[in-house]
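Subject: Structure handover and backbone notes

Dear colleague,

I am passing on the structure we discussed, together with some notes on its backbone. Please have it open while you read, as the notes follow individual residues.

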2 protein chains.
Amino acid sequence: MSITINDIAKEANVSLATVSRVLNDSGYVKDETRKRVEEAIERFNYTPSAIARSLSKNVTSTIGIVVPDITNPFFGEIIKGISEVAEANNLNIILCDSNEDMDKELKAIKTLREQRIRGLIISPTSVENDINSEYLKALNNLGIPVVLVDGHLKYSTFSGVFVDNLTGTYDAIEALIKEGHKDIGIITGRMNSKPAKDRLLGYEKALMMNNIKINKEFILYGDYSIESGYNLTKQLLKKENKPTALFVCNNFMTLGCLKALNEMNMSFPDDISLMSFDKIDVLNFLGMNLSHVEGPSLELGRIGMGLLVDSINDKENSEIKNITLTPELRLKGSEVFIKEKSILK
Amino acid sequence: MSITINDIAKEANVSLATVSRVLNDSGYVKDETRKRVEEAIERFNYTPSAIARSLSKNVTSTIGIVVPDITNPFFGEIIKGISEVAEANNLNIILCDSNEDMDKELKAIKTLREQRIRGLIISPTSVENDINSEYLKALNNLGIPVVLVDGHLKYSTFSGVFVDNLTGTYDAIEALIKEGHKDIGIITGRMNSKPAKDRLLGYEKALMMNNIKINKEFILYGDYSIESGYNLTKQLLKKENKPTALFVCNNFMTLGCLKALNEMNMSFPDDISLMSFDKIDVLNFLGMNLSHVEGPSLELGRIGMGLLVDSINDKENSEIKNITLTPELRLKGSEVFIKEKSILK
């Protein structure tokens, strides 16, 4: 059914080597012969197969990306950053969504392995648990350059670009403390993920450095989903002893938090001071100024893809590079201190 | 460098045919021989290449998706719907983002062609212009099943799943008219796209059927971006003669519109009645009830992928199927009529 280089050679009445020379534009071919081959190619509507090429050269021009959720604008921006650099380097992208699911992520890695990609950028879902070794084995078995973006892998030997989550959160909590807050709640991510862990560490460190006792009642463990942000906000604000400020560890949980606040007829910063890790653009459009820690998502993508291109082009030099970007604190007034009575009214 | 079936055969001291029988679990192989082959496979950490398989069988288990913007939640939901059905059918996905750019879209089609995908789902950017024929040629040349999602292609012979944009918009405008509005503005998409054209037609038809004269001043031509929604809203509301209601033809332009309203110290429905094509989840979370026409995005993806699976499994039966889904009107109060003085104050 499919057209091969053999069919072209037959049609043009030339050798396979001649067709190959025309296709690859290498070596001498008589003009008249070249024309005959090109006409045969045109007639058969023949595309040199990237797959066939990849088998002979053992490379493709495709790289793989695995992210936990393409519908999250944070990863959307990472992908945009990767795409920019990939395009400039004539690399195509195969994108896989692991849906925050470790099994799907392992399956995606195996799928990409079969596609013989040239490199992989992965933002691992959660990585500090028992199956870490199986996971690392799957990545190592790829035998191609791998770059981690945003998520660390314990014991890994891959290059990566990361966010300084501890410092980002530390700065945010310190800003709340400076506004006069002492009772500060936090909704975290899953504790088997290093970024989530580091955000909690930043919170705890800021409290300790300011001689504020850590209240375990104010630490709620979420999973980065809208639902968990919603449920945990309700749980927290129904307590007798409520915090005056709340730090939510990602954009989706903050959306859930806003939904809960709205249902409880509460608003920020009037009823509670609120800060978020990651921005939510829509709030700006609506004139709702939410203070937040802004992860440099576009830069993560650009730098991550830069590291991958370097590794692909210079496979011998397998130096491991780890780059950590410090997120920016964007104060917009939602952290303003509200007298305690307003929260207890 | 890479391990081939030959290496396995040599290592296990068996024929190529025997290795092939073990790999494909077909034909008889002595238990002891099978064990030797499996050990060799394990030792070499050998993965049967999907690419090599695709060359021999002329198929891969990969399908391609091309959408105009993965960061738009509308397409995010379409992709989720596609993924569900793809996964159930053991198909992997290669995703390309055309970035609302016709050239990138053509390039994506050519890239996917080289990957020898088994089928393609595409949501074309804009398709009723001069390069339509080149575009159709590129899709036809793929020689694989193609399914259109959301965007029509004039003169195409592909199956597809679409939204009844005319009826959706007609119903929305009629709801505004029922609330007492006569001066209704519209911010449209690009007029070389059929969905955008149909939305404008629905607007015009609703006005005509209700004996309201069409005011060309109230029709503004956007491009589905946040920026155009922002700029055109400002342009419209700076006019001497303002509409009392505004219909915005997609979610991103509505976000831009909200930004403009906020900057102009206006809000809906107090200062202007507002309706949108496509939902914006965040507004719900914030308790801002925006009436909208809800395109069945998840269903578009599921049904589109269903059509593609049918075509892949039954290539002989090349019946063209066109399915049109009617979007739902979700009235939430933002269309409520406001006395004219309030808009002119």
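Please keep in mind throughout that this is a predicted model, and that what follows was computed from it.

I begin with the peptide bonds. In chain A, the bond that leads from A:F268 to A:P269 is cis, its omega being near -5°, and A:P269 itself lies in the loop that runs between α11 (251-263) and β9 (273-277) of that chain. In chain B, the bond from B:F268 to B:P269 is likewise cis, with omega near -5°, and B:P269 is placed in the loop between α11 (251-263) and β9 (273-277) of chain B.

The other notes concern phi angles. A:D278 is not a glycine, yet its phi is positive, at about 85°; this residue sits in the loop between β9 and α12 (281-285) of chain A. Is A:D278 buried or exposed? Its relative accessibility is 7%, and because buried means under 20%, A:D278 counts as buried.

B:N265, also a residue other than glycine, has a positive phi near 55°, and its place is in the loop between α11 and β9 of chain B, which is also where B:P269 is found. For B:N265 the relative accessibility is 72%, and since exposed means over 50%, this residue counts as exposed.

Notes. Residues numbered from 1 in each chain as written. Chains lettered and ligands numbered in written order. Predicted model: local features only at pLDDT ≥ 70, side-chain atom pairs only at ≥ 80, totals over all residues. Heavy atoms only, no water. Helix = DSSP H or I, 4+ residues; strand = E, 2+ residues; numbered from the N terminus. Buried < 20%, exposed > 50% of the residue type's maximum accessible area, 1.4 Å probe, protein only.
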